[in-house]
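Visitor: I'd like to learn how to read a model like this one. Could you walk me through it, feature by feature?

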Amino acid sequence: MVPKLLRTLGDYWFPMATAMAAVVALGWWVHGYLYPPPVPERALGIEQFRTRPAAPSPAATSSATSFSRQPSRFEALPGVWPWFRGPIHDNVVQSDVSISLDWGANGPPVVWKVAMGEGYAAPAVCNGRVYVIDYDQVGQADAIRCFALSNGEELWRRSYPVVVKRNHGMSRTIPAVSDKHVVTLGPKCHLSCMDPLTGKLLWQHDLVAEYGVTVPEWYAGQCPLLDGDRVIVGTGGQALMMAFRLADGKIAWQTPNPRGWVMTHSSVLPITVGGRRQYVWCASGGVVGVDASTGKVLWENLDWVISTATVPTPVDLGSGRLFLSGGYNSGAMFLKITGAGSTFAATVEQRLPASIFGAEQQTPIFYKGHIYGVKTGGKMVCLDPAGRPLWDSGTDRFGLGPYLVWNGTILAMSDSGTLSAIEATPTGYKRLAQAKVLNGPEAWGPMAPAGTRLLVRDLTEMRCLELGKSR
């Protein structure tokens with residue numbers, strides 16, 4: 001009985017083994033296809049930024065590459081929006097340039113447009129150039145890109161390898177630019193400084209590997225703050241906040257982090273209270289004010305903690321008052337900073353429930369004594385300085401889209417790419433114009449004005465609109 005069974009099994013063992021081997025091989029092939037080996041993302045040597053002579057296609061989906069070239073045509077158009085929320089960090093256009101709201105059925109003219117990797121990273125503008133941090137999904141690399149504002153020609157690109165998987169987009173920060181430096185913070189917290197004219201790498205820090213920073217959920221959303229000869233980042237990890245010298249990337253100061261707070265999506269805001277210049281930041285466990293010269297903590301408040309994601313930046317209301325807002329049923333809070341010298345305190349004036357106001361993503365605007373913003377649910381609202389609602393947008397909804405104020409007009413983008421012009425007045429909601437300017441979806445990246453032009457983006461495309469001319 002046993003020998004016969006063994007002979008029977010012997011007749012079948014070879015084809016069975018062959019079939020099993022084929023299944024295993026197929027499984028490894030599928031695994032390798034769906035989950036390719038990761039590209040090393042921590043060894044980012046200077047050689048990976050060297051200029052390549054070939055000029056690639058401007059599409060972000062081309063293979064990872066770095067290049068710099070002389071533009072064929074370059075007109076240095078006026079206008080500056082050098083970093084997140086504009087020159088004085090209030091998201092209000094400081095210009096007497098008039099814009100046309102006579103958009104017609106087709107909306108403002110599109111001067112140029114470029115394809116982008118999936119994300120919400122928005123541009124900064126300086127000296128006729130447009131800077132944006134993108135993600136090359138095919139090449140698996142962060143790509144800092146520079147375009148001519150006049151015609152959209154890509155002037156240079158600098159790439160470095162980093163594996164970023166799709167998680168509500170990839171890149172989502174805004175560069176900080178001066179005449180001599182452009183600084184970016186990548187999705188996985190690579191802080192890079194380049195020459196704004198050529199893209200030459202000046203220095204770079206991997207904040208995770210070097211300083212124990214934790215990459216926030218949905219990747220880094222904080223925009224670096226360029227202030228004088230330094231760049232400031234709310235890091236968490238080894239230090240609560242860090243200042244790097246622009247000249248060489250060395251640490252100017254770092255703030256101790258005894259509470260172990262980690263990085264959020266909120267950006268650092270510079271303010272002056274009691275004659276002391278300070279940096280205010282909403283960290284994971286509260287809000288803090290740090291001396292701009294030394295990095296010393298001047299005050300902290302533990303009452304402002306958002307459970308899921310801290311995104312909006314504090315809004316400076318003047319006279320030591322700050323307006324904080326968040327999503328996930330956090331509502332809003334008025335904070336009062338008092339003191340002078342080295343002694344300061346931050347106390348809560350009042351809190352607003354989410355039914356009155358709470359912003360999930362975009363930072364509200366303080367304009368001529370009133371607060372304008374889009375609250376959870378998508379309605380735009382106007383609050384007086386004490387937080388009392390004055391009006392809302394009714395059936396007009398904006399979702400998580402961006403907005404800014406230009407010459408007394410609020411320009412607000414909806415999720416799907418519809419741009420609305422709204423009168424910035426506390427007397428009531430009045431829509432002045434509306435047009436579809438992007439295809440969508442998720443047109444969430446902050447807008448950047450420059451001269452008479454407006455840079456806008458959705459999930460996969462950036463466009464330059466001309467607002468100085470009627471249709």
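Guide: Let's begin with pairing: two strands pair if DSSP finds at least two bridges between them. Helices (H or I, at least four residues) and strands (E, at least two) are themselves DSSP runs, numbered from the N terminus. Bear in mind that this is a predicted model, where local features need pLDDT of at least 70 and side-chain atom pairs count only at pLDDT 80 or more, while totals for chains, interfaces and linings use all residues. Residues are numbered from 1 along each chain as its sequence is written, and side-chain values use heavy atoms, with hydrogens and water left out.

Visitor: How many bridges join strand S29 to S30?

Guide: Strands of a sheet pair through backbone hydrogen bonds, either parallel or antiparallel. Here five bridges join S29 (residues 409–413) to S30, and the two run antiparallel. Met413 sits opposite Leu419 in S30. The hairpin of S29 and S30 has four residues between the strands, and Gly417 takes a positive phi near 100° there. On to the next pairing: S30 and strand S31 (residues 431–436) are antiparallel over five bridges, with Thr418 facing Lys436 in S31.

Visitor: How many of the residues in S30 are buried?

Guide: Buried means under 20% relative accessible area, exposed means over 50%, and partly exposed is in between (1.4 Å probe, protein chains only). Strand S30 (residues 418–423) is mostly covered, with five of its six residues buried.

Visitor: And the whole protein, what does that look like?

Guide: It has two helices and 34 strands. Of its 471 residues, 55% are buried. The protein exposes about 19,500 Å², with carbon and sulfur atoms supplying 56% of that; these areas come from the Shrake-Rupley method with a 1.4 Å probe, and for residues only the protein chains shown count as cover. As for contacts (heavy atoms within 4.5 Å), residues 24 or more positions apart account for 56% of those with a separation of 6 or more.

Visitor: In what order do the strands of the open sheet with S20 come?

Guide: The order is S20-S21-S22-S23, four strands with antiparallel pairing. S20 and strand S23 (343–352) stand at the edges with a single partner strand each, so one side of each has no neighbour in the sheet. From one strand to the next, the twist averages 25° (axes are lines fitted to C-alpha atoms, for helices over the stretch in contact, and angles run from 0 to 180 degrees between N-to-C directions). Three bridges join S20 to the antiparallel strand S21 (residues 321–326), and Gly318 stands opposite Arg321 in S21.

Visitor: Is Asp316 buried, partly exposed or exposed?

Guide: Asp316, which lies in S20 (residues 315–318), is partly exposed at a relative accessible area of 37%. Leaving out residues up to four places away in sequence, Asp316 touches Leu269, Ile271, Arg321, Leu322 and Phe366. Asp316 and Leu269 are 47 residues apart in sequence, yet 8.3 Å apart in space, C-alpha to C-alpha. For polar contacts, look for a pair of N or O atoms within 3.5 Å; within protein, one must be able to donate a hydrogen and the other to accept it, and residues adjacent in sequence count only if both atoms are side-chain atoms. The side chain of Asp316 reaches the backbone nitrogen of Gly318 at 2.9 Å.

Visitor: Where is Asn257 placed?

Guide: Asn257 is in the loop between strand S15 (251–254) and strand S16 (269–273). Asn257 counts as buried, at 12% relative accessibility. The side chain of Asn257 reaches the backbone oxygen of Gly237 at 3.1 Å.

Visitor: How many salt bridges are there?

Guide: A salt bridge is a side-chain nitrogen of Lys or Arg within 4 Å of a carboxyl oxygen of Asp or Glu, and the count comes to 14. One of them joins Arg453 and Glu466, whose closest N and O atoms are 3.3 Å apart. That pair links distant parts of the chain, with Arg453 in strand S33 (residues 453–457) and Glu466 in strand S34 (residues 461–466), 13 residues apart. Both Arg453 and Glu466 are buried.

Visitor: Which residues form one network through shared partners?

Guide: Start with a separate pair: Glu461 and Arg463 meet in a salt bridge at 2.6 Å, N to O. The network you asked about joins Asp134, Arg145, Glu154 and Arg157. Within it, Arg145 and Glu154 have their closest N and O atoms 3.0 Å apart. Arg145 is buried at 0% relative accessible area, and Glu154 is buried at 2%.
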